[in-house]
Amino acid sequence: MGLLISRGMARRYDAKTTSFSTEGRLMQVEYAIESVNRSTPTLGILTKEGVILAAKKLVLSKLLAQEKMSEKMYLIDDHIICSVCGMSSDALVLVEKGREECQNYFYTFKEPIPVERLVELLSNTIHIPTQYGSSRPFGTSILFAGYDSHSKFQLYCADPSGNYASWKAHVLGINNANGISFLKEEYKDDMSLEEGLKLTLKTMCKTLDATHPKPEDFEIVVVKKDLTGGVQIVPLADKVVQDLIDKSGLVVPEKQQPHTFN
């Protein structure tokens, strides 16, 4: 009888975003975070020469027409790009909101918006549904990579609760605990961009348990400075990714069959 009562009490809080459970938890927000944790992985790594975002490409069906745009990476402004994890439809709403905020800031102050200011504004937007019972939380987490003159290269993550934080390296999505554990051991503060790219691929393979990675499985974008000092956001071609896979020694050689003489 007591078990039935406790389950009934739990269901009272499950459907509400505005009511804390008896344990002090907002269940719908936790469910939204769990939805992110079950999605295809994405990660970000901050180096001294730039920021790297990487994601597992979504391949739902061979019968689907090839996408004209990425479902994981979105350019918000000339100096900011993001990678999303979770419900892409929810993420698109936030991406459009972010683009609007960038234009409003530029129109008002005649300069690009600082990266953290944009993340703060979008985190406030994410937080609002957790305070009203007529809506559900956003089912997405977002990694932001960018550069500004105030804080240089930056990497941020915002989650469905509306919290955001600055990271040196972070992993979202399925098996993210494996990736985070690997980064804690391998990440170095003074990494070059090439070292960061190699670590990115190794972490993605660790997260996906991939022994034979292919360049078409990954989507990688780099935020760096060009020769003139401007901000450059560069998606890596499959050939470049393949070269990095070869240099990183990620391909496990297949066992050779013993030669037999007839």
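Lys198 and Glu194 are both in helix H6, four residues apart, which is about one turn of the helix. I start with this pair, in what is a predicted model. Their side chains meet in a salt bridge, at 3.9 Å from N to O. With the cut-off for a salt bridge set at 4 Å, that pair is within the limit at 3.9 Å. How exposed are the two partners, Lys198 and Glu194? Lys198 has a relative accessible area of 26% and is partly exposed. Glu194 has 40% relative accessibility, so Glu194 also counts as partly exposed.

Next, the other salt bridges. A search of the whole structure gives ten of them. The side chain of Arg25 meets that of Glu23 in a salt bridge of 2.8 Å, N to O. Arg25 also forms a salt bridge with Glu30, side chain to side chain, again listed at 2.8 Å, N to O. On accessibility, Arg25 is at 32% and counts as partly exposed. Glu30 is partly exposed as well, with a relative accessible area of 31%. Glu23 has a relative accessible area of 58%, so Glu23 is exposed; the cut-off for that class is over 50%.

Back to helix H6, this time for its packing. H6 covers residues 193-208, and helix H5 covers residues 176-186. Two packed helices are described by the angle between their axes and the distance between the axes. For H5 and H6 the angle is about 145 degrees, and the axes are 8 Å apart. Which hand does the crossing of H5 and H6 have, left or right? H5 passes H6 in a right-handed crossing. On the H5 side, the contact is made by Asn176, Asn178, Gly179, Phe182, Leu183 and Glu186. On the H6 side, the residues are Leu199, Lys202, Thr203, Lys206 and Thr207. How do the residues of this contact divide by type? Three are nonpolar, five are polar and three are charged.

Staying in H6, consider Thr200, which is found in that helix. Is Thr200 buried or exposed? Thr200 has a relative accessible area of 0%, so Thr200 is buried. Leaving out residues up to four places away in sequence, Thr200 touches Leu43, Ile45, Ile52 and Ala54.

Val115 counts as buried because its relative accessibility is 0%; the class takes anything under 20%. What does Val115 touch, not counting residues up to four places away in sequence? The list is His79, Ile80, Gly146, Tyr147, Asp148, Gln154 and Tyr156. Taking His79 from that list, Val115 and His79 are 36 residues apart in sequence. In space their C-alpha atoms are 8.3 Å apart.

Now two backbone points. Lys110 has a phi near 60 degrees, which is a positive value in a residue other than glycine. Where is Lys110? Lys110 sits in the loop between helix H3, residues 88-109, and H4. At 58% relative accessibility, Lys110 counts as exposed. The other case is Lys152, with a positive phi of about 60 degrees although Lys152 is not a glycine. Lys152 is placed in strand S6, residues 152-158. At 44% relative accessibility, Lys152 counts as partly exposed.

I finish with the chain as a whole. How many helices and strands does the protein chain have? There are seven helices and ten strands. Of the 262 residues in the protein chain, 42% are buried; Thr200 is one of the buried residues, at 0%, and Val115 is another, also at 0%. Among contacts in the protein chain with a separation of 6 or more, 63% come from residues 24 or more positions apart. Finally, the protein chain exposes about 15,200 Å², with 53% of that supplied by carbon and sulfur atoms.

Key: Residues numbered from 1 in each chain as written. Predicted model: local features only at pLDDT ≥ 70, side-chain atom pairs only at ≥ 80, totals over all residues. Heavy atoms only, no water. Axes fitted to C-alpha atoms, helices over the stretch in contact; angles between N-to-C directions. Left-handed = near helix turned anticlockwise from the far one by under 90°. Contact = heavy atoms within 4.5 Å. Nonpolar A, V, L, I, M, F, W, Y, C, P; charged D, E, K, R; others polar. Buried < 20%, exposed > 50% of the residue type's maximum accessible area, 1.4 Å probe, protein only. Areas by Shrake-Rupley, 256 points an atom, 1.4 Å probe, with all protein chains shown as cover.
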